[in-house]
Amino acid sequence: MASISINNLVKKFGELTIIPGLDLEIADEEFVVFVGPSGCGKSTLLRIIAGLEPLSDGEIFIGDTKVNGVPASKRDIAMVFQDYALYPHMTVYDNMAFALELRGMTKSEIDLRVRRAAALLHIEPFLDRKPKALSGGQRQRVAMGRAIVRDPKVFLFDEPLSNLDAKLRNQVRAEIKALSQELRTTMIFVTHDQVEAMTMADRIVVLKGGEIQQYGRPEEVYETPANQFVAGFIGSPAMNFFDIRRSGDGFALIGADGLAAPVPDAAKAGLDSAQEAVIGIRPEHFLHAPHDPKAFAVTVDLVEPLGSDTLVHFNLAGMNTVARVNPELRPKVGEQLKLAAQPGKAHVFDKASGRAIR
């Protein structure tokens, strides 16, 4: 088992800087997820840790060992890729055993490791099959099993669920999380899907332009986002944003077309010294408040029933806005609702820098 320490890591492709200078500490046995939009540098960072991509500057330690320049085969890591990368002419058993055979391990030790990993992943019935006879989820389990048998210091996952359908994604995601708790090995998981990040990680690294925007526990990143980018990226549906400007002695929400609405009480803290700011309200933090005189009166433009709850789209201060409401409300298009922000749940950000105002 091993911790990972990254000091002032820089990655350039020619004159183009992908990662400008990154510091990161991952504790032993921690499950960390790198998340961010396409092109943010998350897969590049993972490949650098794996030794598949050279760094331009900085230092990487796995445990107490500096691994700058150490080839991937010598770093004692195992990587699971998006495309499975199984040998099509080999059985599942042989795919999992192959790396151990190259190490010169005995047949009895190989058999013990393969069958133990197969039991963990519930693929014992498939050991004699070849990959073409397996489903996508089964192939991904075999790819994970091939990594597990090596008993590495660190597991690296590069968007391993991207090729699976929605049901399988949820199933395999849960299996990987359970596996991390059972193996107690340091794991890094790369995804662009913030739902995967929130449900799997001990801590999340949110990346943008090769820089860490926030590093913390899922609930911390969700409840207290460091800036507007993190607030908008984490959460589904995304947070609603409105410009705030002074209006007389108070403030008003100003939409794209200049329409104004009063700022909810939940967002007024921290605004005293601001001239311009941005308020963010998550869809799930709107309340149906038919008797609240300060609630927004809105007209429903679109309804999306999801079963456990319902998404309501409406126009607020000229901005398309989404609220998550109880399905028993049964809203209809054209109907008027009164909605209010939950106390303490609105977020305020500096207009110029995007930083959160606490």
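Helices here are DSSP runs of H or I with at least four residues, and strands are runs of E with at least two. The model shown in the following views is predicted.

**View 1. Segment 4–234, annotated in UniProt as "domain: ABC transporter".** The annotation comes from an unreviewed UniProt entry.

**View 2. Crossing of helix 3 (residues 107–121) and helix 4 (residues 136–148).** The two axes come within 9 Å and cross at roughly 140°. Angles over 145 degrees would count as roughly antiparallel, so helix 3 is classed as oblique to helix 4. The crossing of helix 3 past helix 4 is right-handed. Helix 3 contributes Ala117, Leu120 and Leu121 to the contact, and helix 4 contributes Arg141, Met144, Gly145 and Ile148. By class, the residues of this contact are five nonpolar, one polar and one charged.

**View 3. Open sheet of five strands in the order 15-19-16-17-18.** Pairing in this sheet is antiparallel. Strand 15 (286–288) and strand 18 (319–325) are the edge strands; each has a single partner strand, so one side of each has no neighbour in the sheet. Direction ignored, neighbouring strands are turned by 50° against each other on average.

**View 4. Pairing of strand 17 (residues 310–316) with strand 18.** The two strands run antiparallel and are joined by seven bridges. Threonine 310 stands opposite valine 325, which belongs to strand 18.

Conventions:
Residues are numbered from 1 along each chain as its sequence is written. This is a predicted model: local features need pLDDT of at least 70, side-chain atom pairs count only at pLDDT 80 or more; totals for chains, interfaces and linings use all residues. Side-chain values use heavy atoms; hydrogens and water are left out. Two strands pair if DSSP finds at least two bridges between them. Axes are lines fitted to C-alpha atoms, for helices over the stretch in contact, and angles run from 0 to 180 degrees between N-to-C directions. UniProt positions are given in the numbering used here, feature names are shortened, and annotations may be inferred rather than shown by experiment. Angles under 35 degrees count as roughly parallel, over 145 as roughly antiparallel, 65 to 115 as roughly perpendicular and the rest as oblique. A crossing is left-handed if the near helix is turned anticlockwise from the far one by less than a right angle, and right-handed if clockwise. Contact means heavy atoms within 4.5 Å. Ala, Val, Leu, Ile, Met, Phe, Trp, Tyr, Cys and Pro count as nonpolar, Asp, Glu, Lys and Arg as charged, and the others, Gly among them, as polar.
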